Amino acid sequence: TAAAVALPALAEYPDKPVTIIVPFAAGGPTDKVARDLAEALRKPLGGTIIIENVGGVGGTLGANKVAKASPDGYTLLLHHIGLASASALYRNLPYKTLEDFEYLGMVNEVPMTLIGRPNLPAANYAELAKWMEANKGQINLANAGVGSASHLCGLLFQSAVKIDMTTVPYKGTAPAMNDLLGSQVDIMCDQTTNTSGQIESGKVKAYAVMSSKRLSSGPLAKLPTADESGLKGFNLAVWHGLYAPKGTPKAVVDKVNTALRAALKDADFHKRQEALGAVIVNDARLAPAEHKKFVEAEINKLTPVIKAAGQYAD
Ligand code: MLT
């Protein structure tokens with residue numbers, strides 16, 4: 001018989017560092033959520049939490065690393081809407097999204113913004129629309145690879161404006177932002193966790209918030225939504241969740257979920273995340289079963305939309 005995997009008894013877990021895999025480069029929006037969350041998880045979960053960035057292939061390398069990790073609770077995944085969009089974009093992922101993970105609960109929702117290089121000759125969305133018409137065929141759109149949130153937003157944006165752009169993939173939107181600031185690429189969709197500072201300091205051009213509502217407060221509240229700017233019905237926010245490999249003992253899943261619920265109540269976590277435009281999830285999706293149901297519904301919602309926009313997916 002196969003030797004039983006020696007799993008820790010609950011009382012001991014965790015009795016060594018817990019690694020949270022971030023499937024994108026350090027310093028980007030996913031990394032920022034993970035590091036903020038790790039800080040808030042330390043007390044309720046106990047022990048040490050290590051962040052490991054495993055970038056590449058739109059976040060699917062990192063996701064696969066966790067899907068294939070030992071189901072002992074010591075390797076977790078912090079991921080976002082890209083987990084759902086990748087399942088629609090790749091014909092044969094090395095993992096099964098709904099079967100190869102334990103769903104540990106949702107974390108937050110982060111607005112997406114449309115930004116441009118500092119010297120792009122368009123001060124607002126109307127001028128950007130004119131510039132895009134005049135530069136069809138020469139527009140470079142940065143993203144974090146097929147399967148990332150920035151890729152999904154870029155795909156839906158190209159489909160909405162009916163302009164095919166050259167997409168430039170990076171291992172995350174932190175390196176992509178460096179090139180945008182250096183005017184190596186023209187535009188990018190990226191989350192406020194990574195763009196609010198650059199927008200507020202005027203280092204990048206800001207054109208729209210891609211969710212259905214404007215940000216409720218702060219300097220970004222004046223940024224119109226894509227819908228207001230003419231892209232009727234455009235609505236994309238980036239939700240984040242926590243995952244473990246399938247087969248992680250229920251007692252460990254419950255312990256991490258309990259710690260997550262406590263972490264999401266942490267005042268510092270709230271302050272830091274809200275300052276970056278993130279909205280903490282505080283509803284049924286905090287429960288593993290509801291988290292999984294939500295992701296399944298997102299896959300079912302996004303798949304036809306992505307297929308319809310498919311001509312823009314590289
Ligand atoms: C994404 O576009 O999916 C994220 O921004 C990638 C990242 O966190 O760098």
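## Basis of the description

Helices (H or I, at least four residues) and strands (E, at least two) are DSSP runs, numbered from the N terminus. The model is predicted, so that local features need pLDDT of at least 70 and side-chain atom pairs count only at pLDDT 80 or more, while totals for chains, interfaces and linings use all residues. Residues are numbered from 1 along each chain as its sequence is written, and side-chain values use heavy atoms, with hydrogens and water left out.

## Ligand site

Residues with a heavy atom within 4 Å of the ligand include Phe-24, Pro-29, Ala-144, Ser-148, Gly-172 and Gln-191. Polar contacts are pairs of N or O atoms within 3.5 Å. A polar side-chain atom of Thr-30 is 2.5 Å from a ligand oxygen atom; the corresponding distances are 2.7 Å for His-80 and 3.4 Å for Asp-190. The protein covers 100% of the 270 Å² of accessible area (Shrake-Rupley method, 1.4 Å probe) that the ligand has on its own. Two or more shell residues come from each of α1 (29-45), α5 (149-161) and β7 (187-191).

## Largest pocket

A pocket is an open set of points on a 1 Å grid over the protein atoms alone, where a 1.4 Å probe fits, with protein on both sides within 12 Å along at least five of seven lines; lining residues have an atom within 4 Å of a point. The largest pocket holds about 840 Å³ of space, the volume being that filled by probe spheres set on the points. Its lining comprises 42 residues, of which Pro-111, Ser-211, Asn-235, Leu-236 and Ala-237 are the closest to the centre. The element giving the most to this lining is α10, with 6 residues.

Note on methods:
Polar contact = N/O pair within 3.5 Å; in protein donor to acceptor, adjacent residues only side chain to side chain.
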